[in-house]
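This report describes the helix packing, strand pairing and salt bridges of one protein model. The sequence and structure come first.

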Amino acid sequence: MRAWLISAYDQPRGHSTRMYDFATSLIARGHSVTFFTNSLCHFTGKDRIENKEKYLIEKIDEIDVIWMKTPSYNHSTFFRGVNMIFNFWRIFTISKIKNFAEPDVVIGPSV
C-alpha cells in the first residue's frame with residue numbers, strides 16, 4: 001500500500017513525532033510512505049529550508065519526507081488558517097511537479 005501522511009506540525013525526529021512514528025510503523029509492515037510536513041518547526045521557529053526553495057525531499061528511515069516551505073503564522077488564528085490552505089496547495093503542486101504515484105490512502109491528523 002502507498003500512503004501519504006500529511007502533518008503541518010509533526011516532523012521526523014522533531015518535538016512532536018506522532019505521524020512520523022505512525023509512518024515508521026507502516027514501513028515496518030512493508031508499506032510505502034510519503035510524509036508531507038512544513039519545513040518550519042512550530043516549536044522552535046527553525047526552518048529546515050534556508051534558501052528560496054519551495055520544498056526539499058529527503059529519505060529518512062525509508063520514508064520519503066517532503067519538507068514544504070509555508071508561511072509562518074506567529075500564533076495568529078487567521079494566519080494559521082492561511083498556513084493550512086497554503087499547506088494543501090503546496091502538497092497538490094509538489095505531487096504534480098514530481099509526478100508521484102497516487103496514494104492508496106491519505107492520512108492526516110484532525111485539525
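This is a predicted model: local features need pLDDT of at least 70, side-chain atom pairs count only at pLDDT 80 or more; totals for chains, interfaces and linings use all residues.

Which residues are exposed on the other side of α1? They are R18 and A28.

**Helix α1 and its surroundings**

Helix α1 spans residues 18-28, and its buried residues are M19, Y20, A23, L26 and I27. Viewed down the helix axis, these buried residues lie within an arc of 115 degrees, so they line one face of α1. The cover over them includes the strands β1 (2-7), β2 (32-38), β3 (55-60), β4 (63-68) and β5 (105-107). After α1 comes G30, which has a positive phi near 90 degrees.

**Strand β2 and its partners**

Strand β2 is largely enclosed by the rest of the structure, because six of its seven residues are buried. β2 pairs with β1 in the parallel sense, over six bridges; in this pairing, A3 has V33 of β2 as its bridge partner. The chain passes from β1 through α1 to β2 in a right-handed β-α-β crossover. β2 also runs parallel to β4, to which five bridges join it. There, T37 has W67 of β4 as its bridge partner.

**Salt bridges**

The structure holds four salt bridges. The table lists some of them.

| Salt bridge | Closest N to O distance |
|---|---|
| R18 and D10 | 3.4 Å |
| D64 and K59 | 3.0 Å |

R18, named above as exposed on α1, forms a salt bridge with D10. The relative accessibility of R18 is 61%, and therefore R18 counts as exposed. D10 has a relative accessibility of 2%, so D10 counts as buried.

At 19% relative accessibility D47 counts as buried, since the cut-off for buried is under 20%. K69, at 22%, counts as partly exposed.

In the salt bridge of D64 with K59, D64 has 25% relative accessibility and so counts as partly exposed. K59 counts as exposed because its relative accessibility is 58%.

Methods:
Residues are numbered from 1 along each chain as its sequence is written. Side-chain values use heavy atoms; hydrogens and water are left out. Buried means under 20% relative accessible area, exposed over 50%, partly exposed in between (1.4 Å probe, protein chains only). Helices (H or I, at least four residues) and strands (E, at least two) are DSSP runs, numbered from the N terminus. The arc is that of the directions from the helix axis to the C-beta atoms. Contact means heavy atoms within 4.5 Å. Two strands pair if DSSP finds at least two bridges between them. A crossover is right-handed if, with the strands pointing away from the viewer, the path from the first strand over the helix to the second runs clockwise. A salt bridge is a side-chain nitrogen of Lys or Arg within 4 Å of a carboxyl oxygen of Asp or Glu.
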